[in-house]
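Biologist: I'm new to this one. Could you walk me through it, one question at a time?

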Amino acid sequence: MPSTVEKKVERNLIGLTLSDYAGKKSTLCPGCGHTAIANVIQAAVYELGLAPEQVVKISGIGCSSKSPNYFLNRSFGFNGLHGRMPTLVTGACFADYKIEILGISGDGDTASIGLSHFKHIIRRNVPMLYIIENNGVYGLTKGQFSATSDQGLVLKHQGENLLPPLDMCMEALISGAPFVARAFSGDTKQMKEIFKAAIAQEGTAVVDVISPCVTFNNRAEAMQSYTWGRMNQTPLQAIKHFNTKEEIDEETETIEPGTFSEIQLQDGSYLMLRKLDKDYDPSDKAAALDILTESYKKHYFATGLIYFSEVPPTIQERYDLPEEPLNRIGIERLRPTPAMLDKINYDFGV
Ligand SMILES: Cc1ncc(C[n+]2csc(CCOP(=O)(O)OP(=O)(O)O)c2C)c(N)n1
Ligand code: SF4
Ligand SMILES: [Mg+2]
């Protein structure tokens, strides 16, 4: 007999359900940290009320870079070459500067082959959320050490890693990123708030997510494992994103003044940062560099918003682009007539 009770389906600001943001069935190993990230991206974009068609997801090569298949089926996407996600993103941002760009990469993809591209996309301040799914190994090619593997890490088939790691938050900071955060696949609640804020903000927002590879690098003593992450995670603040002023005011009504700060993001939404044990100011770049150095030396795992600043002009603002995105202008208006070409050539003295 058909049920007379209709199940209530939750809808977001634009009337879509969470399943409208789903991706294909995952082929990653069960328990892979990258799956948690894919699910959180889906939830974050849903909660922001962005239509999937307003988003483009671009990636390089790796298990991490293939994970865009597993969220936002209806979005645009491009799975490119190893380490070249930023190059594709730069092209996409010129063609359509109204689209939200999600760049998905791995530690191999970004910290090794793509390091120079990572540095330059930040230097150019291309508006995007740049996610590094950092598991300390090349998962897709069977677990070789990467440039973020901890020094002294011993893996079954690799032996001991003799080299010191790069800290990708530190690299982002010194390259000038206006938004730098660290998250953990074992803490999806915090990750979702960070992603929402990073998408809401203009400029290059870098989030280094420690995302365990359960097949090749998940021994309890390894710094990118679930056990180590859970035991050593030290959030720098409690972080929450709100779409409207009314929502944040309602939340902060009962919170003691002076124990939290609120930041208005560039799309008009808000971020609330509540103080925890550490008195940490994410607008202080020197303090951000210090906390990263200290957390590595003392072996704790600092997560949350590491650095946040006024956003310098984006690359699109530095160039004189027309109001209408180039990819929406249409070929008839985009292609100059012979007469216009003659005039341009004449103006250049050709
Ligand atoms: C030019 C080039 N060099 C090497 C490779 C082989 N390769 C494929 S994925 C990969 C590393 C991926 O590691 P990471 O970005 O950390 O992703 P993960 O699989 O760990 O998520 C490498 C070296 C390649 N595909 N292209
Ligand atoms: S090999 Fe590692 S990174 Fe790749 S899917 Fe499996 S657990 Fe994830
Ligand atoms: Mg990796």
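Predicted model: local features only at pLDDT ≥ 70, side-chain atom pairs only at ≥ 80, totals over all residues.

Biologist: Let's begin with strand E10 (residues 204–210): how many of its residues are buried?

Modeller: Look at both faces of the strand. Thr-204, Val-206, Asp-208 and Ile-210 point one way, while Ala-205, Val-207 and Val-209 point the other way, and all are buried. So E10 is largely enclosed by the rest of the structure, and the count of buried residues is 7 of the 7.

Biologist: In what sense does strand E4 (residues 128–134) pair with E10, parallel or antiparallel?

Modeller: The pairing runs over 7 bridges. The sense of the pairing between E4 and E10 is parallel.

Biologist: And strand E9 (residues 179–184), over how many bridges does it pair with E10?

Modeller: Phe-179 of the pairing stands opposite Ala-205 in E10. E9 and E10 pair in the parallel sense, and the number of bridges is 6.

Biologist: Which helix makes a β-α-β unit with E9 and E10?

Modeller: We already have the two strands, E9 and E10, which pair in the parallel sense. The unit they make with the helix is right-handed, and that helix is H7 (residues 188–200).

Biologist: Now Ser-146: is it buried or exposed?

Modeller: Ser-146 sits in the loop between strand E6 (144–145) and strand E7 (154–155). Leaving aside neighbours within four places in sequence, its contacts include Asp-107, Ala-111 and Tyr-138. Asp-107 is 39 residues away in sequence, yet 6.7 Å away in space, C-alpha to C-alpha. Because Ser-146 has 26 other C-beta atoms within 10 Å, and 20 or more is the mark for it, Ser-146 is buried.

Biologist: How far apart are the C-alpha atoms of Thr-303 and Leu-236?

Modeller: Thr-303 lies in strand E15 (residues 301–308). It counts as buried, with 27 C-beta neighbours inside 10 Å. Leaving out residues up to four places away in sequence, Thr-303 touches several others, including Arg-182, Phe-184 and Leu-236. Thr-303 and Leu-236 are 67 residues apart along the chain, but their C-alpha atoms are separated by 6.0 Å.

Biologist: Last one: how many residues in the shell around ligand 2 are charged?

Modeller: Among the residues surrounding ligand 2 are Leu-28, Cys-29, His-34, Asn-135 and Phe-216. The shell divides into 8 nonpolar and 4 polar residues, and the number of charged ones is none: no charged.

Note on methods
Residues numbered from 1 in each chain as written. Chains lettered and ligands numbered in written order. Near = placed C-beta within 6 Å. Nonpolar A, V, L, I, M, F, W, Y, C, P; charged D, E, K, R; others polar. Helix = DSSP H or I, 4+ residues; strand = E, 2+ residues; numbered from the N terminus. Buried ≥ 20, exposed ≤ 12 C-beta atoms within 10 Å, placed from the backbone. Contact = placed C-beta atoms within 7 Å. Pairing = 2+ DSSP bridges. Right-handed = clockwise from strand over helix to strand, strands pointing away.
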